[in-house]
Amino acid sequence: SSRRRHTRWSGDWSSDVCSSDLLRKLISDYKLLKLKSKKHDVSEKLKEIEHRYYHETGRKLSDDIKLS
């Protein structure tokens, strides 16, 4: 089932997406930001992604990434 997703980042999840697509996007964005975190402060964006992932799954994103 699809639900309308909202975010503060323009262009992201502005249309209906299925939950699995959203989770893949969150994981991908999280990993990319972790790589950038060595050069830039992205802690707030990482927290937002972690919060959204937890809201969608009830699980911690960092735990799920370790399992994949």
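**From values to terms**

Tutor: We may begin with K31, which is partly exposed, with a relative accessible area of 41%. This is a predicted model.

Student: Why is K31 called partly exposed?

Tutor: The relative accessible area of K31 is 41%. Buried requires under 20% and exposed requires over 50%, so K31, at 41%, falls in between and is partly exposed. K31 lies in helix 1, and its C-alpha atom is separated by 8.8 Å from that of I65, 34 residues apart along the chain.

Student: What makes L46 count as buried?

Tutor: L46 has 10% relative accessibility. The cut-off for buried is under 20%, and L46 therefore counts as buried. L46 is placed in helix 2.

Student: Which residues is L46 in contact with, leaving aside its neighbours within four places in sequence?

Tutor: With those neighbours left aside, L46 is in contact with Y30, L33 and K34. For L46 and Y30, the C-alpha atoms are 6.3 Å apart in space, while the two residues are 16 apart in sequence.

Student: Why is helix 1 described as roughly antiparallel to helix 2?

Tutor: Helix 1 (residues 19-36) and helix 2 (residues 43-57) pack at an angle of about 155 degrees, with axes 10 Å apart. Angles over 145 degrees count as roughly antiparallel, and helix 1 is therefore roughly antiparallel to helix 2. The crossing in which helix 1 passes helix 2 is left-handed.

Student: What makes a set of residues a nonpolar core, and which residues form the largest one here?

Tutor: The residues must be buried and nonpolar, joined through side-chain atoms within 4.5 Å. The largest nonpolar core has 11 residues, namely L22, L23, L26, Y30, L33, V42, L46, I49, Y53, L61 and I65. Helix 1, helix 2 and helix 3 (61-67) are the elements that give two or more residues to this core, and helix 1 gives the most, with five. In soluble globular proteins, nonpolar side chains tend to be buried together.

Student: How many helices and strands does the protein have, and in what pattern do they follow along the sequence?

Tutor: There are three helices and two strands, and the pattern along the sequence is β-β-α-α-α. Of the 68 residues in the protein, 29% are buried. Among contacts between residues at least 6 apart in sequence, 38% join residues at least 24 apart.

Conventions. Residues numbered from 1 in each chain as written. Predicted model: local features only at pLDDT ≥ 70, side-chain atom pairs only at ≥ 80, totals over all residues. Heavy atoms only, no water. Axes fitted to C-alpha atoms, helices over the stretch in contact; angles between N-to-C directions. Helix = DSSP H or I, 4+ residues; strand = E, 2+ residues; numbered from the N terminus. Parallel < 35°, antiparallel > 145°, perpendicular 65-115°, else oblique. Left-handed = near helix turned anticlockwise from the far one by under 90°. Buried < 20%, exposed > 50% of the residue type's maximum accessible area, 1.4 Å probe, protein only. Contact = heavy atoms within 4.5 Å.
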